[in-house]
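Keep the viewer open as you read.

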Amino acid sequence: MTVRIGYAAGGYDLFHVGHLNILRRAKEHCDVLVAGVVSDEMLRQVKGIEPIIPTEERAEIVRNVKCVDDVFIERVPEKLDVWREVGFTHFFKGDDWRGTDKGRRLEMQFATVGVEIVYFPYTVHTSSSHLRRALELLQEDSASLAGSISYA
């Protein structure tokens with residue numbers, strides 16, 4: 001019997017229930033689950049965002065999620081390069097990628113090496129992007145409030 005090695009990559013910045021959901025669902029579809037934590041450098045390069053929680057801390061958080069068997073820190077932008085290092089048989093992604101140019105490109109690349117892509121429902125109401133925007137608004141409100149206080 002072939003061991004099904006699953007891979008679920010993400011920034012996992014501001015860890016939330018959407019992250020937990022994809023990891024839980026991924027574990028249901030494989031024997032071994034490796035969570036790929038995208039490094040600070042790759043988040044800056046690929047997504048153009050500044051992570052709030054540093055790579056090593058995000059990896060430690062994800063490493064301690066019960067359904068995760070191992071963690072791999074992604075330091076290269078190409079998922080095929082990651083596959084060469086990790087050797088996964090299944091790649092898990094949120095369904096917000098399904099039907100997109102980047103999703104189709106990934107599907108074509110992985111088809112050449114026999115990796116199956118499995119999509120899971122994206123948690124729309126909670127995302128790191130939403131949390132990041134909420135924090136920015138709080139900071140703006142705090143700065144605005146601080147600027148309007150006069151000390152007589």
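A polar contact here is a pair of N or O atoms within 3.5 Å; within protein, one must be able to donate a hydrogen and the other to accept it, and residues adjacent in sequence count only if both atoms are side-chain atoms. What you have on screen is a predicted model, so local features need pLDDT of at least 70 and side-chain atom pairs count only at pLDDT 80 or more, while totals for chains, interfaces and linings use all residues. Residues are numbered from 1 along each chain as its sequence is written, and side-chain values use heavy atoms, with hydrogens and water left out.

Now find Arg58 and Asp40: their side chains are joined by a polar contact of 2.5 Å. Arg58 sits in helix α3, residues 55-63 (helices, H or I, have at least four residues and strands, E, at least two; both are DSSP runs numbered from the N terminus). Is this arginine buried or exposed? Arg58 is buried, at a relative accessible area of 0%, where buried means under 20%, exposed over 50% and partly exposed in between, using a 1.4 Å probe and protein chains only. Contact means heavy atoms within 4.5 Å. Skipping its neighbours within four places in sequence, Arg58 has contacts that include Gly11, Tyr12, Asp13, Val37, Val38 and Ser39.

Tyr12 takes us to the loop between β1 and α1. Tyr12 is buried too, with a relative accessible area of 3%, and its phi is near 50°, a positive value in a residue other than glycine. Leu14 belongs to the loop between β1 and α1 as well, and its phi, near 55°, is again positive in a non-glycine residue. For context, most residues other than glycine have a negative phi. Leu14 counts as buried at 16% relative accessibility.

Time to zoom out. The protein chain has six helices and five strands, running β-α-β-α-α-β-α-β-α-β-α from the N terminus on. The five strands make an open, parallel sheet in the order β3-β2-β1-β4-β5, with two strands taken as paired if DSSP finds at least two bridges between them. β3 (70-74) and β5 (116-120) stand at the edges with a single partner strand each, so one side of each has no neighbour in the sheet. From one strand to the next, the twist averages 30°; axes are lines fitted to C-alpha atoms, for helices over the stretch in contact, and angles run from 0 to 180 degrees between N-to-C directions.

Start with β1 (residues 5-10), joined to β2 (residues 32-38) by six bridges. Tyr7 stands opposite Val34 in β2, and Val34 in turn has Asp70 as its bridge partner in β3. β2 and β3 pair over five bridges. Although β3 is an edge strand, four of its five residues are buried, so β3 is largely enclosed by the rest of the structure.

The chain gets from β4 to β5 through helix α5 (residues 101-111) in a right-handed β-α-β crossover: with the strands pointing away from the viewer, the path from the first strand over the helix to the second runs clockwise. In the loop between β4 and α5 you'll find Asp96, partly exposed at 37%. Asp96 and Tyr119 are 23 residues apart in sequence and 8.6 Å apart in space, C-alpha to C-alpha.

What holds the nonpolar residues together? A nonpolar core is a set of buried Ala, Val, Leu, Ile, Met, Phe, Trp, Tyr and Cys residues joined through side-chain atoms within 4.5 Å. The largest has 19 residues, and those with the most contacts inside it include Tyr12, Leu23, Val62 and Val68. The elements giving two or more residues to this core are α1 (17-28), β2, α3, β3 and β5. A second, separate core of 14 residues includes Ala9, Phe88, Phe91 and Tyr119.
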